[in-house]
Amino acid sequence: MLFRSAGAADDARAQSAEEFFRGKQMSMIISTGVGGGYDLMGRFLSRHLPKQVPGNPTMVPRNMGGAGHVRAANYMAHQAPADGTTLGVIGSPIAVNQVLGGNGVQYDAAQFNWIGTVQGTNTNLYVWSKIGVKTIEDAKKREVVIGATGAGGGAEIYPALMNNTIGTKFRIILGYGTGADVNVAMERSEVDGRGGNSFSSIATSNPEWLQPNSPITFLVQFGLKPEKGFENVPLLTSLAQNDLQRGMFKLFSSPSALGWPALAPPGVPADRVAVLRRAFDRMTQDPDFLADAKKLRLNPSPATGEYLQQIVAETVATPPDVVAAAKIAINTQGVVKGSVAKPGDAGQE
């Protein structure tokens, strides 16, 4: 594991943190390409966060997609200026990816300075209500077909995890072009449901699904605490049958609490980190910010940088026996899978 030199930001320590940001041009690194939730959030923060930073700096968003957020995370760990002028909206799974030994990881997520999140949102697994499966116990008694885009995403990992631990009978159909294609396939009875979507995404794309008499049934949600308004949907951690499973389920649930998090590189002086964290907190209460969030159909449920730092530290410190068991539990070898039948079917682009 490589680490940044602590001397990278020593040049202006005599200057107060408030004075340091005056007139600066800041950068916001976004760990995906243009489009999607991370890009939306990165640009949203680039508009609103500088207004709350002393000295009235500006901020320019910069997309750096690739390698499942790893490229941007590695950049933030080793190349981004460690002076507080470069922040990043980086994929929430990066800590879990590190713990599981993901390809190309050259960062320590616990060493980043976590600034805050606008919206933590749980992911979930749901089915079309008309199939008659209403609980996870039902999914242990009969096969439930889950649509997914490709290998390695939450739509594959979560069903596989539950199959290999608590005995559900999810069959995973890979090959749909987008998550929206999976939804269409579900409506056409090609698949029974979908895993790995988030409540916030559903609120944006299919808000009627969150209302009474919804055509979908939520079987489980993945997060550290229940999504507001959906306390009746069981958390994955509540389904654990022993302490080892509980540790695994907590590991895979932790990214939901981070949402679309903002972070700064390792080595940024503590007083500047504090300025950025308090600026983030003020931003989430600003009327202009809240009005803009409403236009974008965001439902802010902010969390502080200190809270995110604690979650990430606990994730990185996951005990080795839990990590070893988790790697086995998400191995989809032996899990029954299929694929979209042929080009031209629903879900093909």
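**View 1. A cluster of aromatic rings.** Tyr126, Trp128, Phe199, Trp209, Phe218 and Phe230 are joined into a cluster by ring pairs, where rings of Phe, Tyr and Trp (its six-membered ring) pair if their centres lie within 6.5 Å, with planes under 30 degrees apart counted as stacked, over 60 as edge-to-face and the rest as tilted. The model is predicted, so that local features need pLDDT of at least 70 and side-chain atom pairs count only at pLDDT 80 or more, whereas totals for chains, interfaces and linings use all residues. Residues are numbered from 1 along each chain as its sequence is written, and side-chain values use heavy atoms, with hydrogens and water left out.

**View 2. Edge-to-face pairs of aromatic residues.** Under the ring-pair rule, 11 aromatic pairs are counted. One of them is the edge-to-face pair of phenylalanine 112 and tryptophan 114, with 6.4 Å from centre to centre and 80° between the planes. Phenylalanine 112 counts as buried at 1% relative accessibility, and tryptophan 114 is buried with a relative accessible area of 0%; here buried means under 20% relative accessible area, exposed over 50%, and partly exposed in between (1.4 Å probe, protein chains only). Tyrosine 126 and phenylalanine 218 also form an edge-to-face pair, at 5.9 Å centre to centre and with 85° between the planes. This pair links distant parts of the chain, since tyrosine 126 belongs to strand 5 (residues 123-128) and phenylalanine 218 to strand 9 (residues 216-222), 92 residues apart; helices (H or I, at least four residues) and strands (E, at least two) are DSSP runs, numbered from the N terminus. Tyrosine 126 is buried, with a relative accessible area of 0%, and phenylalanine 218 is buried as well, with a relative accessible area of 12%.

**View 3. Charged side chains over aromatic rings.** Lysine 24 lies over the face of phenylalanine 20, at 4.3 Å from the ring centre, and arginine 62 lies over the face of tyrosine 75, at 5.3 Å from the ring centre. A charge is taken to sit over a ring if NZ of Lys or CZ of Arg is within 6 Å of the ring centre and within 35 degrees of the ring normal.

View 4. The axes of helix 2 (residues 37-48) and helix 11 (residues 287-295) come within 11 Å and cross at roughly 155°, where axes are lines fitted to C-alpha atoms, for helices over the stretch in contact, and angles run from 0 to 180 degrees between N-to-C directions. Helix 2 and helix 11 are therefore roughly antiparallel to each other, given that angles under 35 degrees count as roughly parallel, over 145 as roughly antiparallel, 65 to 115 as roughly perpendicular and the rest as oblique. Their crossing is right-handed, a crossing being left-handed if the near helix is turned anticlockwise from the far one by less than a right angle, and right-handed if clockwise. Phe44, Arg47 and His48 of helix 2 meet Asp288, Phe289, Asp292 and Ala293 of helix 11, with contact meaning heavy atoms within 4.5 Å. Aspartate 292, placed in helix 11, counts as buried at 15% relative accessibility. Once neighbours within four places in sequence are left aside, aspartate 292 is in contact with Phe44, Arg47 and His48; aspartate 292 and phenylalanine 44 are 248 residues apart in sequence and 8.4 Å apart in space, C-alpha to C-alpha.

View 5. The crossing of helix 9 past helix 12 is left-handed. On the helix 9 side, Lys250, Leu251, Ser254, Ala257 and Leu258 meet Tyr307, Leu308, Ile311, Val312, Glu314 and Thr315 of helix 12. Alanine 313, which lies in helix 12, counts as partly exposed at 38% relative accessibility, and alanine 313 and alanine 109 are 204 residues apart in sequence and 7.9 Å apart in space, C-alpha to C-alpha.

**View 6. Threonine 165 and the chain around it.** Threonine 165 has its place in helix 6 (residues 154-165) and counts as buried at 16% relative accessibility. Not counting residues up to four places away in sequence, threonine 165 touches Gln241, Gln245, Met248, Phe249 and Ala329. The protein chain as a whole has 13 helices and 12 strands, and 53% of its 349 residues count as buried.
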